[in-house]
Amino acid sequence: MDETEALPKLREDFRMQNKSVFILGASGETGRVLLKEILEQSLFSKVTLIGRRKLTFHEEAYKNVNQEVVDFEKLDDYASAFQGHDVGFCCLGTTRNKAGAVRKKYIFFPFCWPVMPRNPFLLPLFLSACSA
């Protein structure tokens with residue numbers, strides 16, 4: 001069985017595991033693409049966005065997306081927002097044009113870095129979202 005034939009079975013097997021995911025930075029260019037892909041593929045039973053503010057979505061596909069608002073200056077106070085997820089993606093960042101000369105320095109704790117699952121079909125999804 002070649003890779004293209006195995007992919008649908010891998011996706012279905014993953015769906016059956018009822019995994020949950022969080023995304024940091026879903027309001028940015030990379031995070032938006034990643035969120036859209038995750039929702040279109042219906043890979044996760046629970047999708048949570050973690051960010052500085054609540055996002056507004058009008059499309060039906062986003063109706064079951066959970067949102068947690070956190071203060072990145074006080075991440076220790078919001079540890080519960082990160083708990084209970086099987087996979088996490090960190091899409092935080094900005095472009096030089098948007099940031100200008102002033103940059104905010106955040107200290108990222110280990111749970112904020114991307115947690116790459118062992119499933120081979122999620123790696124290309126992650127990499128394509130990061131290069132968008």
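**Strands and sheet in a predicted model**

Student: In this predicted model, over how many bridges do strand S1 and strand S2 pair?

Tutor: Strand S1 covers residues 20-24, and strand S2 covers residues 46-51. The two strands run in the parallel sense, and the number of bridges between them is five.

Student: Which residue in S2 is the bridge partner of Ile 23?

Tutor: Strand S1 spans residues 20-24, and its pairing with strand S2 is parallel. For Ile 23, the bridge partner in S2 is Leu 49.

Student: What pattern does the protein chain follow along the sequence?

Tutor: The protein chain contains four helices and four strands. Read along the sequence, these elements give the pattern α-β-α-β-β-β-α-α.

Student: Among contacts between residues at least 6 apart in sequence, what percentage join residues at least 24 apart?

Tutor: A contact here requires heavy atoms within 4.5 Å. Among such contacts in the protein chain between residues at least 6 apart in sequence, the share joining residues at least 24 apart is 65%.

Student: What percentage of the residues in the protein chain is buried?

Tutor: A residue counts as buried when its relative accessible area is under 20%. The protein chain has 132 residues, and the buried share of them is 34%.

Conventions
Residues numbered from 1 in each chain as written. Predicted model: local features only at pLDDT ≥ 70, side-chain atom pairs only at ≥ 80, totals over all residues. Heavy atoms only, no water. Buried < 20%, exposed > 50% of the residue type's maximum accessible area, 1.4 Å probe, protein only. Pairing = 2+ DSSP bridges.
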